[in-house]
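Dear colleague,

Please find below the structure that I am handing over to you, with its sequence. My notes on what was found in it follow.

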Amino acid sequence: MGLCLLLGAAASGPVHGQGDWRLELLKREGFSGKTEELETLVAGYEAAEEGLDDEALRELGADDFKTRENAQAAILMAGDAALTWIEGLPAQEDPEVRLRLKGIKEELRFRGAGSRDELLRHAVRTLLAERRGGAQSGAAKLVFAEWFEREAVPLKRAYGPFVVQADRGMTGSVEGGRLRFQGDHRGDGDQFVMLTADSLGVDTLPERFRVSCLMGGDGAKGSGGWHIGVSVGQVRVLYHPGMSIGAYRIETTGGKTELCRNKSMGFEPRTDALQRVEVAVRTLPGGDVELSVAVASADGRKVFRDTRVVDGDVIGKVDRVGLWRSGRTGADAVFDDFVLDLRGP
């Protein structure tokens, strides 16, 4: 099973058989978790945040390429603080600075919940705060992260807390740190894994949350008639790797009623690389649900966005999220770095 992570300062208790997720994550990322090490890491974060100034802007536009690259890396090190700083800046005259600021902003936005960097930053800071005598928060906030590190060949009916389902004759596996649904079927059909609120030990998903995942194809079998995507409740958002326009759509998971017909994403999602997909979910007064979808190209340079309000009766109870491959011929679908972030906006 991947890490089931309970975020917030009160995150030290065992969850789904795990110990303190923060120490587990530190170990996986090559850190010991010793206080001295945490202090060094936090000092680096703080230095990066303090370095968000006019000098950083000047270095982004420096004549020397290495200086520009180092300045961009330093700003990225500041994480979410850099996003806030960039959004408060006036328009920049230097086109090089404008381009780099745009790239930094897009990268930080798509690190989001799925980024190990951001989870590690949170782990380091909360652990150090506790060791310095800070009070633990009673309002722990939940994040579930699955990095598919435990192999399962073939997939059975469950993978950790995920329910696994595939139409007849279709198979899946977890190999090499990735979830894979095999392609090239004789008939149309669905393959998916589903995570429910109940499996996470909560009654329902909150009014606001985010789902983030890397997904794509293996490239060996071309495009064909298949889509991949994310479901929320009884609705799923899908797109088509290997098609020039991406063929993005929204439909119900049962009868496959189209809520948004195939539309252009403005770029072709590659079948030999993974795209980051994020769906921000917000339940509106009255029960309708807003889905804000973003799909980044494999190189992160292009981002497709779509926001739709779905009728509450159509999406049903928002108590589950899933990862899907839908269709027949074409490449295997591949998924990695799945994160369900229940911390709200």
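**A buried loop residue**

A78 is located in the loop that runs between helix 4 (65-77) and helix 5 (80-87). Please bear in mind throughout that this is a predicted model. The relative accessibility of A78 is 1%, so this residue counts as buried. Setting aside neighbours within four places in sequence, A78 is in contact with A48, E49, L52 and R121. The C-alpha atoms of A78 and L52 lie 8.1 Å apart, although 26 residues separate the two in sequence.

**Nonpolar cores**

The largest nonpolar core comprises 50 residues, and F209, L323, F338 and L340 have the most contacts inside it.

Eight strands form an open sheet in the order 3-4-7-16-9-10-11-12, and their pairing is antiparallel. Strand 3 (158-159) and strand 12 (258-263) stand at the edges with a single partner strand each, so one side of each has no neighbour in the sheet. Strand 12 is joined to strand 11 (residues 248-252) by three bridges, and the two run antiparallel. Within this pair, I250 has C260 in strand 12 as its bridge partner.

Strand 9 (residues 226-232) contains S231, which counts as buried at 0% relative accessibility. The side chains of S231 and W324 are joined by a polar contact of 2.8 Å. Not counting residues up to four places away in sequence, S231 also touches M194, R236, T253, R320, V321 and G322.

A hairpin is formed by strand 5 and strand 6, with two residues between them, and G176 in the turn has a positive phi of about 60°. Four bridges hold strand 5 (residues 172-175) and strand 6 in antiparallel pairing, and the bridge partner of E175 in strand 6 is R178. In a regular strand, side chains alternate between the two faces of the sheet. Strand 6 (residues 178-181) has L179 and F181 on a covered face, and R178 and R180 on an uncovered one. Strand 6 also pairs with strand 17 (residues 333-341), in the antiparallel sense and over three bridges; there the bridge partner of R180 is V334.

**Salt bridges**

The structure holds 21 salt bridges. In one of them, the side chains of R28 and E149 meet at 1.8 Å, N to O. R28 belongs to helix 1 (residues 21-28) and E149 to the loop between strand 2 (141-146) and strand 3, so this pair ties together parts that are 121 residues apart in sequence. R28 is partly exposed, at 33% relative accessible area, and E149 is likewise partly exposed, at 40%.

D332 and R180 also meet through their side chains in a salt bridge (3.1 Å, N to O). Because D332 lies in the loop between strand 16 (320-327) and strand 17, and R180 in strand 6, the pair links parts that are 152 residues apart in sequence. D332 counts as buried at 6% relative accessibility, whereas R180 counts as partly exposed at 24%.

E96 and R100 form a salt bridge whose closest N and O atoms are 2.6 Å apart. These two residues are four apart in helix 6 (residues 95-111) and are therefore separated by about one helical turn. Finally, a network of salt bridges links D190, R236, R249, E251 and K256.

With kind regards

Key:
Residues numbered from 1 in each chain as written. Predicted model: local features only at pLDDT ≥ 70, side-chain atom pairs only at ≥ 80, totals over all residues. Heavy atoms only, no water. Core = buried A, V, L, I, M, F, W, Y, C linked by side-chain atoms within 4.5 Å. Buried < 20%, exposed > 50% of the residue type's maximum accessible area, 1.4 Å probe, protein only. Pairing = 2+ DSSP bridges. Contact = heavy atoms within 4.5 Å. Polar contact = N/O pair within 3.5 Å; in protein donor to acceptor, adjacent residues only side chain to side chain. Salt bridge = Lys/Arg side-chain N within 4 Å of Asp/Glu carboxyl O.
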